[in-house]
Amino acid sequence: MNVKAKGYLLGAIAAATYGMNPLFALPLYKTGMNPDSVLFFRYLFALPLLGIMLKVRGRSFKVSRREVRSLIVMGLLVALSSLTLFESYNYMEAGIASTLLFVYPIMVALIMTFVFKEKLKPVTALCILLALVGIGLLYKSGDGTTLSLVGTVMVFASSLSYAIYIVGVNQSALKDVATLKVTFYVLLFGLTLFVGRLCCGEELIVPGRWYLWGNLVALAVFPTAISFLCTTSAVQYIGSTPTAILGALEPVTAVFFGITIFGESLTARECVGLVLIIVAVTFVIAGGNITAHLVRFRKLFPRLSPRLVGRRKRKA
């Protein structure tokens, strides 16, 4: 397998595994677990994995006081994004929720335009319009039924929190901090949100059967560790933009598992809406003005040196 083919394969695996959240979360919901409990264990189990990665890479855990302040804010934003997304699964089909979440690159583009005065390209404006049409098709189906307003608001809150994080981590004191270290501390401080909610009255529900622990571990391994590692390798092999575009497989994966495993259904109207959103976001990313912001969040390791990349090509 040549280098490019390997890069595209890894990028596809990264996106597909990131879209596995509903696959492992929904069975836990059916046993009575709430989103706070699921996310508490997910963050808790992911931290040792990231800690081991830090040690293997020879990274220091040390952070400055200024960086700690930024990490606390970023951690709470990511935790809020996780919580609202997982809550939305109680109000709408997971595939639709994951697709609506996928508008976060467009939100990043809007934040960069209105807050940081970046020029809004005509193609980006057109893509925003396409995405809005797609959302409209999803929100109200042909028979007049609509998506849950509560669930929709939660997904958009999740997407907005995620977008603010992506922009913030590139505009704050964390800009030059290794992404693996940022991710570790973001999850650590994000975990405090769920600890606080559990202390304030939310019930911590522990899985009653041994195999359900596997779902919790899988949430930490597949959408977190494996997805991040494959993204890193894909960026090294094929670059940032193709890797970011392959992220369109994330909602596709969620829709696939929703239909085949959980019996969710999609109308022709909803399928058109899904396609419009995915196409719109893909073109926004391909435009290149926000690719760096999107990729840095998921790129855990620095690029390989040109010499090492050359060696890999020769071996391939």
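Welcome: this structure holds 14 aromatic pairs, where rings of Phe, Tyr and Trp (its six-membered ring) pair if their centres lie within 6.5 Å. You are looking at a predicted model, in which local features need pLDDT of at least 70, side-chain atom pairs count only at pLDDT 80 or more, and totals for chains, interfaces and linings use all residues. Residues are numbered from 1 along each chain as its sequence is written, and side-chain values use heavy atoms, leaving out hydrogens and water.

**First stop: an aromatic pair.** Select Phe86 and Tyr89. Their rings sit 5.4 Å apart, centre to centre, with 40° between the planes, so the pair is tilted (stacked is under 30 degrees, edge-to-face over 60, tilted the rest). Phe86 is buried at a relative accessible area of 1%, and Tyr89 is buried too, at 7% (buried means under 20%, with a 1.4 Å probe and protein chains only).

Now display side chains: Pro35, Asp36, Val38, Leu39, Arg42 and Tyr43 in α3 meet Val78, Ala79, Ser82, Leu83, Phe86 and Glu87 in α4, with contact meaning heavy atoms within 4.5 Å.

**Last stop: a cluster.** Select Phe40, Phe41, Phe45 and Trp213, which form one aromatic cluster.

Technical notes
Helix = DSSP H or I, 4+ residues; strand = E, 2+ residues; numbered from the N terminus. Buried < 20%, exposed > 50% of the residue type's maximum accessible area, 1.4 Å probe, protein only.
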